[in-house]
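Thanks for coming. I will go through a few local features of one structure, starting with the aromatic rings and ending with a helix. Please have the sequence and the structure open.

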Amino acid sequence: MAKDRSKNATRKGGNGPTPATKPQGAQARRASGPAGGGGSAPGAGANGQSAAPAAPSVIELPSSLTVRDLGHALGVSPIDVMKKLIGFGIMANINELIDYDTAAIVAAEMGFETREQKAEEEEAPKVAPTQLPSWRDVQDERPENLRPRPPVVTVMGHVDHGKTSLLDAIRNTNVVEGEAGGITQHIGAYQVELQGKKITFLDTPGHEAFTAMRARGAQATDIVVLVVAADDGVQPQTKEAIAHARAAQVPIIVALNKIDKPEANPEVVKRQLADLGLLVEEWGGNVICVPVSAKKRLNIEELLENILLVAEVAELKANPFRPATGVVVESRLDKTRGPVATLLVQRGTLHVGDNLVIGEIAGRVRAMFDDKGRPVSEATPSTPVMILGLSDVPKAGDLFEVVEDERTAKAIAAERAQQRQQAAAVRPARVTLEEVFARMQEGKAKELNIILKADVQGSLEPIESSLQKLGTEDLKVKILHSAIGNIGESDVMLASASSAIVIGFNVSVDAAARALAEQEGVDIRLYNVIYQLVEDVEKALSGMLEPTYKEVVTGHAEVRAVFSISKRGKVAGCYMTDGQVTRASSVRVIRGGQVLFDGKIASLKRFTEDVKEVNAGFEFGIGLEKYDDFQVGDTLEFYKQERV
């Protein structure tokens with residue numbers, strides 16, 4: 001790379017020999033290009049050399065252009081441009097915009113001189129809505145190319161509050177008479193129409209899928225409809241849904257469901273929502289609240305009208321004239337049709353026959369169907385479609401993009417596979433308390449996002465209150481979500497999507513959540529003393545945090561018998577289910593998901609012999625310091641602290 005940069009500097013300075021070869025496609029195009037395009041005389045000398053090679057082509061580039069467009073301007077494959085960018089540490093996909101300075105460096109590496117187009121030369125004629133220009137020539141974000149698009153809505157809420165019933169009521173309200181059997185398949189998303197305007201609903205399982213998309217870089221939702229039962233009020237999953245919607249900075253519309261029930265009490269629910277910071281309009285806030293009954297289909301149209309109102313204020317637009325990009329809503333392997341995926345088009349227009357890349361998967365759209373199972377030939381922004389023709393089943397939340405041809409698609413997929421393999425050995429960047437102050441000094445961090453879990457409400461409230469008092473004007477603590485119970489996958493996924501730290505007080509971490517945290521690079525901190533927890537966060541905010549230790553779980557054992565020993569108390573006869581325990585390990589006693597003890601090992605024996613360690617598959621006896629209230633069936637979790 002140092003050698004390449006040296007060559008680059010030489011070309012820019014004009015003091016060294018110019019490249020002997022040039023990409024032929026670009027050379028031919030520049031030779032016949034417009035006046036002032038700068039095609040060089042083929043026999044021009046350089047620095048007084050009598051037999052100098054041809055001078056580099058001078059090409060004009062706009063202030064910004066896509067990687068694909070730069071490839072076409074230089075007459076080389078976009079893949080070659082991507083490789084050059086990677087060499088400079090820039091990870092850009094084929095449709096990503098790069099600025100003129102970056103493009104000029106790449107062009108210089110390939111033997112071209114560049115100059116920036118003047119503003120008036122960049123102006124392009126307006127494109128009529130019915131006229132699709134060549135996608136190579138499209139400038140993505142030009143105002144004249146943007147068109148209004150339907151809003152994309154996700155419905156979230158507590159499990160028993162009628163989310164599915166509301167989605168069914170919305171869908172059936174908009175089915176044309178005589179078309180009741182028209183909805184032939186579930187594709188994970190569908191569109192409804194009101195007053196000639198469309199709304200796209202993502203029929204996802206809940207906030208987990210919503211956040212999984214965000215964690216993979218897909219901000220697919222424009223509006224969240226929060227379903228709250230008028231007879232049951234705010235529940236734990238309601239709070240989780242609010243936390244996930246806020247983390248995504250998406251507007252929330254409250255659908256107050258089951259309003260027809262005699263025990264419904266809307267005012268109590270509105271008060272509960274106000275306590276969570278969602279102040280409805282009739283109470284002087286800015287959150288729209290619509291009383292509905294999914295069962296009796298009351299006020300469904302009013303809800304849809306309010307969705308359109310919020311969408312109108314947001315002025316949602318996209319360019320339908322560019323190659324399509326978007327997100328995978330869901331996917332499966334069909335026994336007869338092979339890999340099937342539901343795609344939500346976010347920008348551009350997707351056509352049957354388009355070549356596309358989804359992650360490391362390349363494919364070609366062989367057939368495309370709408371949410372009613374009808375074959376369609378194209379899909380515009382905010383339109384969900386089910387497609388056939390992929391080589392494998394993609395993951396929900398993966399991004400897709402249309403590329404020029406099959407060769408390009410396969411090359412990009414292979415390049416990404418190689419990049420993933422190279423990155424597999426590199427641990428993901430963690431958002432740790434130690435990094436917070438450094439990022440604040442660089443001006444990159446204004447808030448410390450925290451997911452807080454505790455064993456009981458009596459612990460949660462004082463911790464939350466203490467943390468919110470910390471910080472300065474420049475850096476504040478923001479608790480995205482707080483709840484009772486152990487740390488689970490949903491907490492880790494929210495932390496990953498929001499660059500947050502997970503803090504637990506007197507709780508344990510689910511095995512699946514621990515594995516996901518390792519994979520996603522999420523920092524989990526466990527405490528059993530409140531002042532230590534608050535002190536650590538305070539030190540991080542003031543930049544004084546001591547070097548910390550990371551907890552590493554080494555194994556688990558099951559208590560299968562309890563013995564009483566004179567002068568010692570009770571000891572446990574255990575079976576090591578996985579991993580390893582050493583005499584120096586720390587241990588937690590877990591019963592019914594609750595941590596009963598966290599401390600040190602007093603004795604470790606195999607039969608009558610003291611041992612230093614016990615591995616998986618062996619039985620052993622154990623005594624703990626200051627604890628002997630064992631019960632058969634308890635789980636012992638062994639861990640050690642590693643310095644970070």
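**Aromatic pairs and other local features**

There are four aromatic pairs in the structure. Bear in mind throughout that this is a predicted model.

As a reminder on the description, two numbers are used for a pair of aromatic rings, namely the distance of the centres and the angle of the planes.

Take Tyr190 and Phe201. Their ring centres are 5.8 Å apart and the planes are at 25°, so this pair is stacked, given that planes under 30 degrees apart count as such. Where do the two residues of the pair lie? Tyr190 is in strand β7, residues 189-194, and Phe201 is in strand β8, residues 197-202. The two are eleven residues apart, and the pair links distant parts of the chain. On accessibility, Tyr190 is at 3% relative accessible area and Phe201 at 0%, so both fall under the 20% limit and count as buried.

The next pair is Phe597 with Tyr627, which is also stacked, with 5.0 Å from centre to centre and 20° between the planes. Which parts of the chain does this pair tie together? Phe597 belongs to strand β28, residues 594-606, whereas Tyr627 is in the loop between β31 (619-624) and β32 (635-643), so the parts joined are 30 residues apart in sequence. Phe597 and Tyr627 are both buried. Together with Phe630, Phe597 and Tyr627 make up one aromatic cluster.

The charged end of Arg588 sits over the ring of Tyr639, at 4.2 Å from the ring centre.

Asn257 is located in strand β10, residues 252-257. Is Asn257 buried or exposed? Its relative accessible area is 3%, which is under 20%, so Asn257 counts as buried. What is around it? Leaving aside neighbours within four places in sequence, Asn257 is in contact with His161 and Gly162, with Val227, Val228, Ala229 and Ala230, and with Val292, Ser293 and Ala294.

Last, helix α15, which covers residues 489-498. How many of its ten residues are buried? Nine are, and the helix is mostly covered. The buried residues are Ser490, Asp491, Val492, Met493, Leu494, Ala495, Ser496, Ala497 and Ser498. Just after α15 comes Ser499, which takes a positive phi of about 55°.

That is the end of the list. I will take questions now.

Methods. Residues are numbered from 1 along each chain as its sequence is written. This is a predicted model: local features need pLDDT of at least 70, side-chain atom pairs count only at pLDDT 80 or more; totals for chains, interfaces and linings use all residues. Side-chain values use heavy atoms; hydrogens and water are left out. Buried means under 20% relative accessible area, exposed over 50%, partly exposed in between (1.4 Å probe, protein chains only). Helices (H or I, at least four residues) and strands (E, at least two) are DSSP runs, numbered from the N terminus. Contact means heavy atoms within 4.5 Å. Rings of Phe, Tyr and Trp (its six-membered ring) pair if their centres lie within 6.5 Å; planes under 30 degrees apart count as stacked, over 60 as edge-to-face and the rest as tilted. A charge sits over a ring if NZ of Lys or CZ of Arg is within 6 Å of the ring centre and within 35 degrees of the ring normal.
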